[in-house]
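Subject: Structure for you to look at, with notes

Dear colleague,

Please find the structure we spoke about just below. My notes follow it, arranged by region, so that you can read them with the model open.

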Amino acid sequence: MPLGEHEQFLSYNGEVLVFHLSEPKHVEGTGEKTMSLFVRRMAFNRDTNLFVQKSSGVFNMSSSHLKIEIICCSCTTDSRTGIILPCILMKKKKRNNVVEYLLLLLHSSNQFEQSFHFKLDYELKEDIRLFAGPSVLWRHANKLFYISSATCTVLSVPVQVSSVVWTGEIVDEGTVVLGIRTACLPETEDEDEFSASDRAIWGTEFFAYAIETQKMLTGTSFMPHAYGRVVSSVYVCKNEMLKKQLRVSLVAITHKNQFIWFQDGVPKGVCELPYEKPCSVRTAVTSSSDLLFIVSFASGNVCVVQRKDSLQVASKWQEVRSVLVDDFVGSGSEQLLLLFKDDSNREVLSTFKITDLGAVNYASVINYKHDVPAAEGLQENGLLTVQALEARLQAGYTSVQELQQHLRLKKRVILESCKALIDLVEERAHVLPAAKEVKCRRQYSLVSLWDDVENPPHSLSKETSLASKVPARFIEKLWQRVVGDSLVVGVQLTESYYLSLSDVSLSLVLERDFSSISPIIKCQNKIIKLNKAFSASSVSLCQIEPPPKKIKLGLHSKNDLKEEFKRCSGVQLDGTKTVTAVTSLSPLLAFHHVCCVVLLHAKNQKRWNESVQESKKITVICGKILLSLDDISSGKYSVKMLRDNSYCTGSMEDILAVLAVSVRFSFQIVSSDCTVTPVNSWLLGEMECTPFKECHNNIFCHKVGNVYGTIFNWTMKNPFEGLLTLFCRNLTVLFQCLHSLIRVLPPSCDVKLLRSGSKSVLTEQLALALEEEMLTLRNCFLKELKESKAVNSLTWGNEPSKKISDAPVVSLLDSTEGLQQFRKKLQNEREKGVLSMNQTMTGALYQEIALKIAAAQLSSDMLVWRLS
């Protein structure tokens, strides 16, 4: 509190205590004069936004030949009861320069109690502090003195003091005074040499003195000595004892208008204060659990500093008479009460503001002077922020509406496309919806993407005609299997026709028309290649694409069905080709009875002079598959792998189904000093594997547990090297198999994971892909050359035809006419050369060439990446 004012304010239990000294009055019948100390308890009324008086009290004092003043007031602990009470320090100055000081306690009944009094031959002016006891501490002539209600005697602290920056409680030490003094360099070598050198450089040091124990504490636990010349006030936020070491967190204000945060004597953050001459700092804990630091300045200004990501000034005010911290509105957290200077109104608590820089914000009706950017500016910025948020919310709502409308339109397009596909499967003519104008509420109608002309080039009739041209003996067998939660559908093609097909894929279409879901069943990406001996020489399932080098051009000719159906799996066996599709089983069983139409999509390629000249898309109806819960429960389509005389009796369809749903991994096992024969013993022994009758190199695991159903292929290149291929359900099964294998292998064995396939097979495939790429480049350039020659011939044919004799060059140069002819001939040859160098092509031709080259390079790039 400011010194020497007749009216002072103090917050206590959510109330505002207003202390006021009356003017001296004569006592009737005597010549003495008395002065009264009044106190009024004021509470804030949230209904009227005003402070109202709850109660009052008075304390009378004799003032004959005395000058009475209020020095300071604060809330301190009464050591007799442990209760925190308001405490007021009064001064009575006599004529003979004797000054008497009186310490009063205010009880809840508004009764004043005189705690103690003492006399001095000087006035208290510097670093006056009230603390628990109650006690009074002050500084005079660079010495520190204190008195308490327990001793009632003035005692001195045996240290030279330049200033006192904080007084408060420290754990295990009681009341501690933190101050600054002139550096006292140690005479012994036991002191910390770094601290001694620091004090010698700056000439000042921090000291901490415990009043109860009368001992010195380490000042560097609070802050470095280098700040001794600039710090004016300190507030200790937190202190605790950890492992017999004092840990302190505090903030300090300096004469250089800085706000600094210290942690265990180390500065952690700094903030520039907006005004000059800061004099005190205190804290407030608001409703959002934010810790606010209130800094008061000698000019009457106040600012609030927040510590979130960094220290920053959150708000500031000018011409503040007093600032108090308490729970004035009864919210359970603290707020700031700002009392402003107002010469026009002398009423107590007439101009104020209550705020916690958050939800709590009360102000008096009377305007007060303040700093616009901090107070009114914040409200204006808040209004602008709300307006901006409302605009963003409205824009977001509009965007959501547009997205919902777009999704509805996409759903209609997909359903109409599904109906067209079903009509194609059933060999019915699909009637396209007619184009209509936009109706109200922005409801769009679907229109045909093809021109309404006779015999369109890409109509459904052409697709149907292509499907009808497929040989009758195209499909040999259609089968289905259930493996776990997967449905595997296989189509076996005839040997005479599958060699001319490419980009083979399957799609499954529900026969019933479900309005709520799409009838197209999504199939997984799996490609499995087996040689004629069924040795699983090369398998790739759901191959990982190489880095973005793969994306060269958008192959618009291939995006019709692949985005929905994706690629299905192709398996090559002895003289047959089986295409399989894998899809999730559980969504299909939700309908109890399911009938699916199986479609095969491929490209029918015609070759001429060992090069692909034409490729047409075909769609073949392979048949229908039926599925029901009764069939699943009876195990009708389940895979059956049984033992029979040390062999596995699974059918070829069962083997293909297990391979289609499995993930393939290949490992190269190399041993430098011993053979790798334990692998075969491990497969037949611990893993309980039996070979298939159709191929002995592939063996089926019958071991009970997660590894059951795993297929192994073990090939020994030599006694010290072999290739182990696993077809397992998931990575967990793979890790279990590898863990079991490593335990039986010699320690010197090296197990290496192969990225995909055998190196020799990949090399052969890369050679074929490069050959295909060269043929594609040659054919594209030949086609370009033919068309450019035709165009150039038309261009050159329009020129005036004037024959030039084929006379020798020497004869032409003999005459002037011959020289002119030679010059014209040379000019014509130059023009022809320029035309041949600047040949152009149409956009359609360039797109066709670019797509063919990109498709060829894509295949070779994939193989190169797999070999790397």
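I begin with helix α10, where F735, H739, I742 and R743 are exposed and sit on the face turned away from the buried side of the helix; exposed here means over 50% relative accessible area, buried means under 20%, and partly exposed is in between, with a 1.4 Å probe and protein chains only. Before going further, please note that this is a predicted model, in which local features need pLDDT of at least 70 and side-chain atom pairs count only at pLDDT 80 or more, while totals for chains, interfaces and linings use all residues. Residues are numbered from 1 along each chain as its sequence is written, and side-chain values use heavy atoms, with hydrogens and water left out.

Helix α10

The buried residues of α10 are V733, L734, C737, L738, S740 and L741. Because they cover an arc of only 165° around the axis, they fall on the same side of α10, the arc being that of the directions from the helix axis to the C-beta atoms. An α-helix has 3.6 residues a turn, so residues three or four places apart point the same way. Among the elements that cover the buried residues of α10 are β40 (663-670), α9 (678-684), β43 (711-718) and β44 (721-728); helices (H or I, at least four residues) and strands (E, at least two) are DSSP runs, numbered from the N terminus. The helix itself runs over residues 731-744, and its 14 residues reach 21 Å from the first C-alpha to the last, close to the 20 Å expected at 1.5 Å a residue, where the expected span is 1.5 Å times one less than the number of residues. At its N-terminal end α10 is capped by N730, with a side-chain oxygen 3.2 Å from the backbone nitrogen of T732.

S860 in helix α14

S860 belongs to helix α14 (residues 843-867) and is buried, with a relative accessible area of 3%. Its side chain makes a polar contact of 2.9 Å with the side chain of E773; a polar contact is a pair of N or O atoms within 3.5 Å, of which, within protein, one must be able to donate a hydrogen and the other to accept it, and residues adjacent in sequence count only if both atoms are side-chain atoms. The side chain of S860 also reaches the backbone oxygen of Q857, at 3.0 Å. Leaving aside residues up to four places away in sequence, S860 touches L766, A769, L770 and E773, contact meaning heavy atoms within 4.5 Å.

Strand β19 (residues 245-254) is largely enclosed by the rest of the structure, because 8 of its 10 residues are buried. Strand β18 (residues 231-242) pairs with β19 in the antiparallel sense over 10 bridges, two strands being paired if DSSP finds at least two bridges between them. Within this pairing, A252 in β19 is the bridge partner of V234. The two strands form a hairpin with 2 residues between them, and K243 in the turn has a positive phi of about 55°. On to β20 (residues 258-263): this strand pairs with β19 in the antiparallel sense over 5 bridges, and W261 in β20 is the bridge partner of V251. The hairpin of β19 and β20 has 3 residues between the strands, and there N257 takes a positive phi near 60°.

Backbone points to check

Most residues other than glycine have a negative phi, and most peptide bonds are trans. N110, which is not a glycine, has a positive phi of about 65°; N110 lies in the loop between β8 (99-106) and β9 (112-120) and is buried, with a relative accessible area of 7%. E319 likewise is not a glycine and has a positive phi, of about 55°; E319 is in the loop between β25 (311-317) and β26 (320-326) and is partly exposed, at a relative accessible area of 32%. A cis peptide bond, with omega about 0°, joins G133 and P134, and P134 is in the loop between β10 (126-131) and β11 (135-140).

The chain as a whole

The protein chain has 14 helices and 45 strands, and 42% of its 868 residues count as buried.

With best wishes
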